[in-house]
Amino acid sequence: ILRKLLKMGYSDFVKHKAKEKYIQGKITISEAAKIACITVFEMQRYLIDEGYKSEYSIKDLEEDLALL
């Protein structure tokens with residue numbers, strides 16, 4: 001049980017550190033997910049659950065889609 005708790009604590013710590021680096025713009029979301037040993041989708045969900053709001057707007061999406 002102690003190992004499991006330590007592992008869970010370490011996992012949360014690593015996710016938190018990856019989140020901080022992503023928010024600071026030091027790494028991409030895929031890099032953050034890799035560091036945290038989770039999928040990109042799980043990293044996105046974690047960021048949302050932690051209250052992160054993206055600055056990527058609908059207008060940005062429309063502009064990006066127009067480039068395709």
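Start with helix H3 (40-49). H3 gives the most to the lining of the largest pocket, three residues. Helices here are DSSP runs of H or I with at least four residues, numbered from the N terminus. This is a predicted model, in which local features need pLDDT of at least 70, side-chain atom pairs count only at pLDDT 80 or more, and totals for chains, interfaces and linings use all residues. Residues are numbered from 1 along each chain as its sequence is written, and side-chain values use heavy atoms, with hydrogens and water left out.

**Stop 1: the pocket**

Select Tyr22, Ile29, Gln44, Leu47, Ile48, Tyr52 and Ser54. These residues line the largest pocket. The pocket holds about 200 Å³ of space. Rolling a probe the size of a water molecule over the atoms shows where empty space is left. A pocket is an open set of points on a 1 Å grid over the protein atoms alone, where a 1.4 Å probe fits, with protein on both sides within 12 Å along at least five of seven lines; a lining residue has an atom within 4 Å of a point. The volume is the space filled by probe spheres set on the points, which are joined across faces, edges and corners.

**Stop 2**

Keep Tyr22 and Tyr52 from the lining. How many aromatic pairs does the model hold? The count is one. Tyr22 and Tyr52 form it, edge-to-face, at 5.7 Å centre to centre with 70° between the planes. Tyr22 sits in helix H1 (residues 2-23), and Tyr52 lies in the loop between H3 and helix H4 (58-66). The partners are 30 residues apart, so the pair links distant parts of the chain. Rings of Phe, Tyr and Trp (its six-membered ring) pair if their centres lie within 6.5 Å; planes under 30 degrees apart are stacked, over 60 edge-to-face, and the rest tilted.

Stay on Tyr52. Its relative accessible area is 26%, so Tyr52 is partly exposed. Buried means under 20% relative accessible area, exposed over 50%, and partly exposed in between (1.4 Å probe, protein chains only). Show its contacts (heavy atoms within 4.5 Å). Leaving aside neighbours within four places in sequence, Tyr52 touches Tyr22, Ile23 and Leu47.

**Stop 2: the nonpolar core**

Select Ala18, Ile27, Ala32, Ala33, Ala36, Met43, Tyr46 and Leu47. These eight residues make up the largest nonpolar core. Helix H2 (29-36) and H3 are the elements that give two or more residues to this core. Such a core is a set of buried Ala, Val, Leu, Ile, Met, Phe, Trp, Tyr and Cys residues joined through side-chain atoms within 4.5 Å. Centre on Ile27. Not counting residues up to four places away in sequence, Ile27 touches Ala18, Lys21, Tyr22, Ala32 and Ile35.

**Stop 3: the salt bridges**

The model has three salt bridges. Each is a side-chain nitrogen of Lys or Arg within 4 Å of a carboxyl oxygen of Asp or Glu.

Go to Lys19 in helix H1. Is Lys19 buried or exposed? Lys19 counts as buried, because its relative accessibility is 10%. Lys19 forms a salt bridge with Glu50, with the closest N and O atoms 3.5 Å apart. This pair links distant parts of the chain, with Glu50 in the loop between H3 and H4, 31 residues apart from Lys19. Glu50 is partly exposed at 43%. Beyond its neighbours within four places in sequence, Lys19 contacts Met43, Tyr46, Leu47 and Glu50.

Next, select Lys17 and Glu20. Their side chains meet in a salt bridge at 3.6 Å, N to O. The two are three residues apart in helix H1, so about one helical turn separates them. Glu20 is partly exposed at 27%, and Lys17 is partly exposed at 37%.

Now return to H3 for Arg45 and Asp49. The closest N and O atoms of this salt bridge are 3.8 Å apart. Arg45 and Asp49 are four residues apart in H3, about one helical turn. Arg45 is partly exposed at 43%, whereas Asp49 is exposed at 55%.

**Last stop: Cys37**

Select Cys37 in the loop between H2 and H3. Its phi is near 60°, a positive value in a residue other than glycine. Cys37 counts as exposed, at 70% relative accessibility.
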